[in-house]
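Let's walk through this one with a few quick questions. Have the sequence and the 3D view open as you read.

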Amino acid sequence: MTVLRVAVRFAKSDTGLQRRGNEDSFFERAPVFAVADGMGGARAGEVASRMVVEALAAGLPDGGSPEERLAERAREANRAIHELAQSDPSRTGMGTTLTAAYVGEDLVSIAHVGDSRAYRVREGQLELLTRDHSLVGELVRRGKLTEAEAEDHPQRSVITRALGPEPDVEVDTWSYPAQAGDLFLLCSDGLTSMVDERAIAHVLRDAGDLARAGQALIDEANRRGGRDNITVILFRLEEVDGLAGASTGTAVDQPTEVGMSAVTPEQVAAASGGAAAPATDASVPPVPVTPPAMRTAPPRSAPAPAAGAREPRREGARRRGGGARSGAGWLAPVIVVVLLVAVIAAGAWIASRAVYFVGTDGQGFVAVFQGLPYEGPAGLRLYDEAYVSGVPATELPPARRRGLLDHQLRSQNDARDLVRKLELGEVGG
């Protein structure tokens, strides 16, 4: 059976040049990808966007189609955000957009509320897959504004639908047939309000390296003013026919259970065959976090013999039958070594996916990272950026900074709760 899987992906959120904090959040754990752009005062937008991402991290509900499961999770997040806003006057009116994608075997399903967007690039053509729930979007659809007029309209940031402001919300959903080579872009309006679709298509058309392409989109939005937070998720699909991905060298994401619970540092140490990662002083320079594009070299193998061909017969082979058995004695220790390496590698991979730590991103903002705070040879990293807050590390007192940004291994909930308290000012000096 031929199916499609995510082969290469990129995800990053940038504060931009004119905002102090980042109200965007994103989620990228195959098969689900999502961008949320928060709104509201007193950093309430950050809370709203994070809440919908955390709802997705808990996993999709059972039963129904991917569209229905995404929409149900969005409605649950809407109710939770609305209830929190009603209970806290400082968060009145808070909300968030949501554009989420689910990668199925031959379909990509979309759930959408607000003006974040989803695009597909197929055979070099950029196609918008969502419809903006915004004032200017409605005016364009009614023929009252042209696309060019909408780009400079003073009310282009006014959205007509979001998660949170109302107790119930209508979620738009679609499913699109997918094929190998399709490239999908999910983004907040911090990109599309600064960079037009022609420029986006130009960057993505020849995007062999998604990390470079994603960073180029963010850089272009900042070059044009960076008025808002900018979040970009890119993922490309490739075909997997049975186990063909392993034999052809295609880098294929394994199906991942959304919302995997983190283990303790002691379990990590046991899984990886070593000690837990030591705490490091927060005064050291922040680790760079832009993920590199995944590359997998095709395996090398000897050519198979032609049909009907026979192996050359060795002279005297029959007389050395017993010697052949003893000569193969080297094979057993080799197999043992290979198995040990495989077990250690598997343990290290599991460990790096199961823990989190708090540090700073390349711009000095407090961030949550998934994985182990280690860098191997050739720039190999055992961590990925999971969430970037709007709190600059320089705003923290030195003593508090050292205690919080020590790269100590934590559970996902512990790391996120700590950063949430920082954002809400609940962690004192």
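Q: Which side chain does the side chain of Asp172 make a polar contact with?
A: Keep in mind that this is a predicted model. Asp172 sits in strand S9, which covers residues 172–177. Leaving out residues up to four places away in sequence, Asp172 touches Ile110, Ala111, His112, Arg131, His133 and Arg161. From the side chain of Asp172, the polar contact, at 2.6 Å, goes to the side chain of His133.

Q: Is Asp172 buried or exposed?
A: The cut-off for buried is under 20% relative accessible area. Asp172 comes in at 10% relative accessibility, so Asp172 counts as buried.

Q: Which element gives the largest share of the largest nonpolar core?
A: That core has 28 residues, and Phe27, Val52, Leu70, Met94, Leu98, Leu163 and Val171 touch the most other members. Elements giving two or more residues to this core are strands S3 (32–39), S5 (98–103) and S6 (107–113), plus helices H1 (44–57) and H2 (66–87). With 8 residues, the largest share comes from H1.

Q: How many residues are in the second, separate core?
A: Its members include Tyr119, Val121, Ala213 and Ile218. The size of this second core is 24 residues.

Q: What share of the contacts with a separation of 6 or more comes from residues 24 or more positions apart?
A: The chain has 13 helices and 14 strands, and 46% of its 429 residues count as buried. For contacts with a separation of 6 or more, the share from residues 24 or more positions apart is 71%.

Methods:
Residues numbered from 1 in each chain as written. Predicted model: local features only at pLDDT ≥ 70, side-chain atom pairs only at ≥ 80, totals over all residues. Heavy atoms only, no water. Helix = DSSP H or I, 4+ residues; strand = E, 2+ residues; numbered from the N terminus. Buried < 20%, exposed > 50% of the residue type's maximum accessible area, 1.4 Å probe, protein only. Contact = heavy atoms within 4.5 Å. Core = buried A, V, L, I, M, F, W, Y, C linked by side-chain atoms within 4.5 Å. Polar contact = N/O pair within 3.5 Å; in protein donor to acceptor, adjacent residues only side chain to side chain.
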